[in-house]
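The following note sets out points for a colleague who is examining the model. The sequence and coordinates are shown first, and the comments follow.

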Amino acid sequence: MWCSVSDYIVRECVAGDEVALSLVAQATILETYARWVRGANLYRYVTEELGEELFRTCLEDRAMRLWAAEVVPTGCIVGYAHALRDTTDPLAMELKRLYILHNFRSLGIGKRLMDESVSFACANASQSMVLRVHYRNEAAIGFYLGYGFQTIGEETFAAGDETSRVLVMRRDLPVL
Ligand SMILES: CC(C)(COP(=O)(O)OP(=O)(O)OC[C@H]1O[C@@H](n2cnc3c(N)ncnc32)[C@H](O)[C@@H]1OP(=O)(O)O)[C@@H](O)C(=O)NCCC(=O)NCCS
């Protein structure tokens, strides 16, 4: 391991981060799902769904938040989290993404990004946090279980002509 825990900061994302966020989002999705989803479908998904324009729009929307882990002193973003109001339950916050490039895992970045997301949800009076994770993504599922998430159901997720099973996980949040 070549990156010590003092070599990064976690901060809220701002306008201008969209290029870096798009690159990291595309890279981490490829890195994570190359084991389970065909390349053509993954390439189409990341280019159509995780482009700069998507992140530019998200960064302008104050109802949602993104946080980045950035290496010091290079300023390279190597991980991010994205939280937004759940579309079906107005009292829940969805942790839409939490992704860290492989070389920067197990350094405490995931915890920092999770803490930011939970704080934002609590500050917005959310009573729970929900997320969706590929059913074979055991590492992420283990991480989420450690934060008190429990599986409450299953859904399907389409990328191109391929459909994957995803677990829906949820945890209660403390009432402030
Ligand atoms: C899952 C992920 C976000 C975890 O982030 P990370 O930076 O590696 O995790 P941290 O170093 O912050 O670990 C925080 C805590 O979670 C625990 N943890 C990390 N990975 C774990 C796992 N696979 N199983 C159980 N616990 C785990 C750590 O031991 C640590 O516990 P501690 O605070 O008691 O020491 C990261 O590995 C990742 O980006 N994975 C690939 C992308 C992905 O699958 N994202 C989720 C898609 S839904």
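**Notes on the predicted model**

1. Pro 73 is located in the loop that connects β2 (65-71) with β3 (77-85); helices (H or I, at least four residues) and strands (E, at least two) are DSSP runs numbered from the N terminus. The peptide bond leading from Val 72 into Pro 73 is cis, with omega near 10°. Most peptide bonds are trans.

2. Residues are numbered from 1 along each chain as its sequence is written, and side-chain values use heavy atoms, with hydrogens and water left out.

3. On the overall fold, the protein chain contains five helices and seven strands. Their order along the sequence is β-α-α-α-β-β-β-α-β-α-β-β. The radius of gyration of the protein chain is 16 Å, close to the 16 Å that the globule rule gives for 176 residues, so the chain is as compact as a globular protein of that length. This radius is taken over C-alpha atoms, and the rule is 2.2 Å times the number of residues to the power 0.38. The C-alpha trace spans about 40 × 40 × 35 Å along its principal axes.

4. Of the contacts with a separation of 6 or more, 62% involve residues 24 or more positions apart, a contact being heavy atoms within 4.5 Å. The protein chain exposes about 9,300 Å², of which carbon and sulfur atoms supply 53%; the areas come from the Shrake-Rupley method with a 1.4 Å probe, and for residues only the protein chains shown count as cover.

5. Which residues other than glycine deserve a check of their positive phi? Ser 106 has a phi of about 60° and is found in the loop between β4 (92-100) and α4 (109-123). Ser 106 is exposed, with a relative accessible area of 71%. Ala 125 has a phi near 65° and lies in the loop between α4 and β5 (128-134). Ala 125 is likewise exposed, its relative accessible area being 55%. Most residues other than glycine have a negative phi.

6. The structure holds seven aromatic pairs (rings of Phe, Tyr and Trp, the last by its six-membered ring, pair if their centres lie within 6.5 Å; planes under 30 degrees apart count as stacked, over 60 as edge-to-face and the rest as tilted). Among them, Phe 55 and Tyr 80 are edge-to-face, at 5.9 Å centre to centre with 80° between the planes. This pair links distant parts of the chain, with Phe 55 in helix α3 (residues 52-60) and Tyr 80 in strand β3, 25 residues apart. Both Phe 55 and Tyr 80 are buried.

7. Trp 67 and Phe 120 also form an edge-to-face pair, at 5.8 Å centre to centre and 70° between the planes. Trp 67 lies in strand β2 and Phe 120 in helix α4, so the pair ties together parts that are 53 residues apart in sequence. Trp 67 and Phe 120 are both buried.

8. One aromatic cluster is formed by Phe 143, Tyr 144, Tyr 147 and Phe 149.

Technical notes
Buried means under 20% relative accessible area, exposed over 50%, partly exposed in between (1.4 Å probe, protein chains only).
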